[in-house]
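Subject: A structure for you to look at

Hello,

Here is the structure I promised to pass on. Please open it first, and then read my notes below.

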Amino acid sequence: MVGARTNERARQASWECAVCGVSLDSPLSCQACHALQEPEREPTPHELFGLAPGLAVCPRSLERKLMQLSRSLHPDFFGTAAPEVRELAERNIARLNDAYRLLSDPVAHADWWIRHLGGPSEQDERQMPQAFLMEVLEWNEAIDAADAADEEGGDDRTEALRELESQLSAERERLLGQLARDFETLPDAPPDLTAARQQLNAVRYLDRALARIRGAHTSL
């Protein structure tokens, strides 16, 4: 992990202000002279926020960084500037917002990394981990059984759905945590991307199952 962070810091140091030459925290604007920047290449979402590569993101830190950078990029601050400056401000704030949406969504973030590193898409690799498949069968049976419960067993059905929702939510967090640990070795040693895709497929199954359970809650 230390090596990955060292490499990332070295990469971030390559971003320099086109006006005053200082190293940039984000390639979108200079915190020293406040000049907007036009990156020579498209930055990654992590570079835009000054983050080390990986899946682990602190939501509070990400939100604070978004607010900080948004203040320096907001097009309203450039209302009297030249048209090309206003257009750059709009492009940069759009880049920042797109990156924030990606980084704040663990599933979309993992999907981005797998594709970015050349791994299989969800269409190319549809399997889930073998150890997960037996649990999937049990969970499907439990949801079906809850759906088939008669009116007299309504309270039991509600409790069963709540217990299952809690179980699936915990499993989802476990899988996302494992994915985050698998990607800690970036950029030096990418994980097995096929296995990562299979794990992400499992997370997406859980999202669908949880949506089905929560839909059942609203129908009770």
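**Two helices side by side**

Helix H3 (residues 59–73) and helix H4 (residues 83–103) have axes that come within 10 Å and cross at roughly 175 degrees. An axis here is a line fitted to C-alpha atoms, for helices over the stretch in contact, and angles run from 0 to 180 degrees between N-to-C directions. H3 and H4 are therefore roughly antiparallel to each other (angles over 145 degrees count as roughly antiparallel, under 35 as roughly parallel, 65 to 115 as roughly perpendicular and the rest as oblique).

Which residues meet there? From H3 come Leu62, Glu63, Leu66, Leu69, Ser70 and Leu73, and from H4 come Ala89, Asn92, Ile93, Leu96, Asn97, Tyr100 and Leu103; contact means heavy atoms within 4.5 Å. The residues of this contact divide into 9 nonpolar, 3 polar and 1 charged (Ala, Val, Leu, Ile, Met, Phe, Trp, Tyr, Cys and Pro count as nonpolar, Asp, Glu, Lys and Arg as charged, and the others, Gly among them, as polar).

**What kind of model this is**

This is a predicted model: local features need pLDDT of at least 70, side-chain atom pairs count only at pLDDT 80 or more, and totals for chains, interfaces and linings use all residues. Residues are numbered from 1 along each chain as its sequence is written, and side-chain values use heavy atoms, with hydrogens and water left out.

The protein chain has a mean pLDDT of 87, with 89% of its residues at 70 or more; pLDDT is the predictor's confidence in each residue, from 0 to 100. Confidence is lowest in helix H1 (residues 2–12), at a mean of 41, and highest in helix H5 (residues 106–116), at 97. Over residues 1–13 the pLDDT is below 50, and this stretch has 23 contacts in the model beyond near neighbours in sequence. Where pLDDT is low, the predicted coordinates should not be read in detail.

**The chain as a whole**

The protein chain contains 8 helices and 0 strands (DSSP runs numbered from the N terminus: H or I of at least four residues for helices, E of at least two for strands). Of its 220 residues, 41% are buried, where buried means under 20% relative accessible area, exposed over 50% and partly exposed in between (1.4 Å probe, protein chains only). Among contacts between residues at least 6 apart in sequence, 68% join residues at least 24 apart.

**Places worth a look**

In H5, the buried residues are Val107, His109, Ala110, Asp111, Trp112, Trp113 and Ile114. Asp105 caps the N-terminal end of H5, with a side-chain oxygen 3.1 Å from the backbone nitrogen of Val107. After H5 comes Gly118, with a positive phi near 90 degrees.

Asn201 sits in helix H8 (residues 193–219). Is Asn201 buried or exposed? Its relative accessible area is 5%, so Asn201 is buried. Setting aside neighbours within four places in sequence, Asn201 is in contact with Glu122, Glu125, Arg126, Gln127 and Met128.

Two backbone details come next. Most residues other than glycine have a negative phi, and most peptide bonds are trans. The bond from Leu186 to Pro187 is cis, with omega near 0 degrees, and Pro187 lies in the loop between helix H7 (154–182) and H8. His34 has a positive phi, near 70 degrees, and is exposed, with a relative accessible area of 57%.

Best wishes

Note on methods. Polar contact = N/O pair within 3.5 Å; in protein donor to acceptor, adjacent residues only side chain to side chain.
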